[in-house]
Amino acid sequence: MSTNLAERVAKRRAHSPAPTAATHDAAAAPATLAQFVHSMRGEIARALPEHVASPERIARIALTELRRVPHLAECTQESFGGALMTCAALGLEPGGVAGEAYLLPFFNKRARAYEVQLVVGYQGMIRLFWQHPLAAGLDTHTVHEGDEFDYEYGLTPVLRHRPALTNRGAVTGYYAVARLTNGGSAFVVLSVEDVEAIRKRSKAKDGGPWATDYDAMARKTCIRQLFKLLPKSAELARAVAHDGTVRRDVTADGLDAVPEYIEGEVVEQRADQGRGQAEVEDVPVEFAGWPEATESPAGEPAGAK
């Protein structure tokens, strides 16, 4: 037997079977989403803007959401990590307390697993709007039948709203108005029926923030429509593109790439669209009644509304 330590180590390595890729992956992959969040702190730190909270705070909020939101802990690591990295890159907190972003579980029939849909909140949209150098003001309000309200589109648009102090009555509409530093302005008014038509196209129409924060989601809907008329910062453009989608890329550079997505919001389809596609009948019982994520149509960019 050799007395040389280096020789003994070399012989042991030579006779030891090489680890397979499966063994390496099993050892490298965190067992739970909580462990996965902890392992992502380095990537989160890379993605965070300088003015945003530490990666430890983002990870702590994410762990709180895992305990709070039903089925969120059952989602795939890739989709959870992708949503978390999007929040980090945009500088938004991934929890419902601040109203900046929501992490919602959706059951994907094709993958037969829960995946995380990121929904950018009303406060998150406003926060990102203010990052544009032309931003001068942004307001969004709810209109009641007892209010004095008048608006007119055209070459000389008009918007007047005087809320009633008491007995405001039922909600009749919502609006958002923006002002720019160059003197420009724009507004969008939506009726209750307009908001309902948009809500019904959402995968989360009966759950998530639509169920818990309907008024805020209705005003966010106005803001989203208004943003179509306004110049957007790079962060806001990304937020609009990623809102309501599932991202599977967990790298810090994935926000600007074209990763695989699953749409988390339904786009209106023609009567003949979708025929002939195979249906998955054997959905697990515990998933019954939960919204499903569907694959993006071929050639259509993710997040298209």
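This is a predicted model: local features need pLDDT of at least 70, side-chain atom pairs count only at pLDDT 80 or more; totals for chains, interfaces and linings use all residues.

**Exercise 1. Aromatic pairs**

Task: How many aromatic pairs does a search of the whole structure find? Classify the pair F129 and W130, then the pair F149 and Y151.

Solution. 
- Step 1. The search of the whole structure gives eight aromatic pairs.
- Step 2. A pair of aromatic rings is described by the distance of the centres and the angle of the planes.
- Step 3. The ring centres of F129 and W130 are 5.8 Å apart and the planes stand at 75°. Planes over 60 degrees apart count as edge-to-face, so F129 and W130 form an edge-to-face pair.
- Step 4. Now look at accessibility: F129 is buried, at 2% relative accessible area, whereas W130 is partly exposed, at 43%.
- Step 5. The ring centres of F149 and Y151 lie 5.7 Å apart with planes at 40°, so this pair is tilted.
- Step 6. F149 is partly exposed with a relative accessible area of 26%, and Y151 is partly exposed with 37%.

**Exercise 2. Checking the span of a helix**

Task: What span should helix α5 have, and what distance separates its end C-alpha atoms? Which of its residues are buried?

Solution. 
- Step 1. Helix α5 covers residues 55-68, which is 14 residues.
- Step 2. The expected span is 1.5 Å times one less than the number of residues, so α5 should span 20 Å.
- Step 3. The buried residues of α5 are P55, I58, A59, I61, A62, L63, E65 and L66.
- Step 4. Their cover includes α3 (33-39), α4 (41-47) and α6 (77-90).

**Exercise 3. Positive phi**

Task: In which loops do H71 and N167 lie, and what are the phi values of H71 and N167?

Solution. 
- Step 1. Most residues other than glycine have a negative phi.
- Step 2. H71 is not a glycine, yet its phi is positive, near 70°. H71 lies in the loop between α5 and α6.
- Step 3. N167, also not a glycine, has a positive phi of about 50°. N167 is in the loop between β5 (158-162) and β6 (171-180).
- Step 4. With 74% relative accessibility, N167 counts as exposed.

**Exercise 4. An enclosed helix**

Task: Is helix α7 largely enclosed or open? Which of its residues are buried, and what covers them?

Solution. 
- Step 1. In α7 (residues 122-129), the buried residues are Y122, G124, M125, I126, L128 and F129.
- Step 2. That is six of the eight residues of α7, so the helix is largely enclosed by the rest of the structure.
- Step 3. The elements that cover these buried residues include α6, β2, β3 (135-144), β6, α10 and α11 (234-242).

**Exercise 5. One residue and its contacts**

Task: Is V177 buried or exposed, and which residues is V177 in contact with, leaving aside neighbours within four places in sequence?

Solution. 
- Step 1. V177 is placed in strand β6.
- Step 2. Buried means under 20% relative accessible area; V177, at 15% relative accessibility, therefore counts as buried.
- Step 3. Leaving aside neighbours within four places in sequence, V177 is in contact with G137, L138, D139, L159, A186, F187 and L226.
- Step 4. Take L159 from that list: V177 and L159 are 18 residues apart in sequence and 8.9 Å apart in space, C-alpha to C-alpha.

Conventions
Residues are numbered from 1 along each chain as its sequence is written. Side-chain values use heavy atoms; hydrogens and water are left out. Rings of Phe, Tyr and Trp (its six-membered ring) pair if their centres lie within 6.5 Å; planes under 30 degrees apart count as stacked, over 60 as edge-to-face and the rest as tilted. Buried means under 20% relative accessible area, exposed over 50%, partly exposed in between (1.4 Å probe, protein chains only). Helices (H or I, at least four residues) and strands (E, at least two) are DSSP runs, numbered from the N terminus. Contact means heavy atoms within 4.5 Å.
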